[in-house]
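User: I am new to this structure and would like a friendly tour. Could you walk me through it?

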Amino acid sequence: MLLLRCPLLLLLLPLSSRPQKLPTRDEELFQMQIRDKAFFHDSSVIPDGAEISSYLFRDTPKRYFFVVEEDNTPLAVTVTPCDAPLEWKLSVQELPEEASGEGSGEPEPLEQQKQQITNEEGTELFSYKGNDVEYFVSSSSPSGLYQLDLLSTEKDTHFKVYATTTPESDQPYPELPYDPRIDVTSLGRTTVTLAWKPSPTASLLKQPIRYCIVINKEHNFKSLCAVEAKLSSDDAFMMAPKPGLDFSPFDFAHFGFPSENNSGKERGFLKSSSKFGRQTSSKPRVDLHKVCIGNKNIFTVSDLKPDTQYYFDMFAVNTNTNMSTAYVGTFARTKEEAKQKTVELKDGKVTDVFIKRKGAKFLRFAPVSSHQKVTFSIHSCLDAVQIQVRRDGKLLLSQNVEGVRQFQLRGKAKAKYLIRLKGSKKGASMLKILATTRPNKQSFPSLPEDTRIKAFDKLRTCSSVTVAWLGTQERNKFCIYKREVDDSYNEEQKKREQNQCLGPDTRKKSDKVLCKYFHSQNIQKAVTTETIRGLQPGKSYLLDVYVIGHGGHSVKYQSKLVKTRKFC
């Protein structure tokens with residue numbers, strides 16, 4: 001008898017040899033039994049030509065039986081561990097003479113045959129210990145009662161078993177190509193492109209095959225059963241997957257995969273929330289993701305993390321049988337983020353910084369002399385930005401900045417400061433920053449907490465409006481400008497023009513109303529009013545107030561939309 005250990009259930013006889021008539025099962029009876037789910041439920045009988053799913057409790061052996069009725073019968077047995085290594089052994093015992101194919105009368109029921117010979121020691125044909133998908137294949141097996149003993153010594157585990165006496169005609173598992181490796185054809189900071197050769201089951205035998213990709217950060221998987229077990233590891237009890245539901249669609253938005261109903265479209269990972277469609281407990285989901293992409297042979301995974309190692313597995317699935325074969329998995333590390341150019345800050349000089357949406361910029365400040373304190377002044381022109389300051393690697397400051405802010409930190413001899421500025425998620429960010437070791441060096445003007453302009457409705461006329469704004473204890477120059485706008489001008493348009501860094505030098509001379517100096521030692525009385533005259537009746541105007549500091553740098557207050565009375 002010839003025994004073979006091979007990775008695939010392929011054609012076992014040379015194609016050029018004369019076709020051999022093989023014993024076949026009673027197909028009508030077999031189909032009836034397969035349709036009757038109760039027939040094999042919790043049964044120790046392995047049906048010929050069907051895959052069964054079951055589980056083992058730790059250190060509790062389990063035994064399965066099947067009968068080969070005639071000598072010289074081809075035989076193939078496949079055992080698939082899911083989430084733990086298995087120990088399994090295949091052995092055979094002779095059938096009682098009256099139960100063999102040569103005897104007269106009807107064969108005895110399997111249960112009766114088991115009772116007659118179960119105490120006898122059978123002949124061991126094959127044994128294995130591990131977590132690989134392992135096969136026993138024989139082109140000529142004797143008749144007898146075959147016993148499959150399984151044991152898990154690590155933990156309760158799920159497994160699958162498939163046995164057939166017609167391996168040449170069945171071929172339920174997709175065949176792998178001559179090169180079953182997954183190739184990484186392109187590698188970026190956030191993307192990996194994978195390619196693989198098609199299964200001959202699809203290209204030659206024309207059977208329907210789909211490919212499923214599995215991605216995680218821990219290790220490669222040897223079977224799709226192991227993947228499913230890992231995905232459902234937070235369930236209270238592991239259930240055998242029901243036929244046809246092995247690939248129930250998940251919501252892959254978090255990891256960037258399309259559902260199976262949208263397999264032709266590749267989309268980014270982070271376009272929607274990270275909810276999973278099958279979540280059944282409050283435990284965090286494992287960082288493992290599966291997507292089936294149809295019959296494509298190339299796929300790009302996007303929105304990965306830079307400088308991170310990922311493991312990729314590919315499974316060919318026969319959609320007729322729902323049984324799968326694993327390609328040789330691979331792994332790849334995404335590229336590092338591009339090195340950011342660091343901008344050098346000069347003591348006491350204002351530097352303009354532009355940051356792309358969700359981007360970041362790095363700046364460096366290295367005072368040339370010893371210093372007791374260092375001051376960072378920041379003027380965010382648009383939306384809020386985040387600033388982080390590290391001194392010789394130690395984090396000193398982490399704040400969100402909107403408008404003008406000033407931070408004073410304790411200095412240190414020969415210290416070097418690294419500043420990280422992170423932009424807004426809404427859009428690009430613009431800002432001005434000044435670093436100095438001279439406390440009295442104030443380039444940005446001081447601002448009140450409230451930079452709104454208030455208009456007095458009762459003082460509004462057909463040709464004038466009266467407004468007020470707050471000042472500070474520091475004497476600064478204030479300039480007010482006006483611009484006539486259409487009646488359709490709204491708050492949304494005004495918001496788009498709120499670049500606080502644009503100074504009076506960008507305005508038309510005709511827009512200027514006046515400039516004046518103003519301050520008050522009593523902060524409660526630091527309020528000034530101004531009446532703007534020479535306006536047209538029933539017209540809308542946009543008013544802007546600029547405060548100009550001693551260094552010439554200006555900051556714009558929040559714009560105010562006003563309208564004169566139409567009838568007086």
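Predicted model: local features only at pLDDT ≥ 70, side-chain atom pairs only at ≥ 80, totals over all residues.

User: Which strands stand at the edges of the open sheet of four strands?

Analyst: The sheet has the order β3-β8-β5-β6, with antiparallel pairing. Two of its strands have a single partner strand each, so one side of each is left without a neighbour in the sheet. These edge strands are β3 (62-68) and β6 (123-130).

User: How many bridges join β3 to β8?

Analyst: Strand β8 covers residues 144-151, and β3 and β8 run antiparallel. Across this pairing, Phe66 stands opposite Tyr146 in β8. The number of bridges joining the two strands is seven.

User: How far apart in sequence are the parts that the pair of Phe66 and Tyr146 ties together?

Analyst: The two rings form a stacked aromatic pair, 5.2 Å centre to centre with 10° between the planes. Phe66 is buried at 6% relative accessible area, and Tyr146 is buried at 0%. Phe66 lies in strand β3 and Tyr146 in strand β8, so the parts tied together are apart by 80 residues.

User: Is the pair of Phe376 and Tyr417 stacked or edge-to-face?

Analyst: Phe376 belongs to strand β21 and Tyr417 to strand β23, 41 residues apart. Their ring centres are 6.0 Å apart. Planes over 60 degrees apart count as edge-to-face. Here the planes are at 70°, so the pair is edge-to-face.

User: Is Leu145 buried or exposed?

Analyst: Leu145 lies in strand β8, and its C-alpha atom is separated by 6.0 Å from that of Leu95. Its relative accessible area is 1%, so Leu145 is buried.

Key:
Residues numbered from 1 in each chain as written. Heavy atoms only, no water. Pairing = 2+ DSSP bridges. Buried < 20%, exposed > 50% of the residue type's maximum accessible area, 1.4 Å probe, protein only. Phe/Tyr/Trp six-rings, centres within 6.5 Å; stacked < 30°, edge-to-face > 60°.
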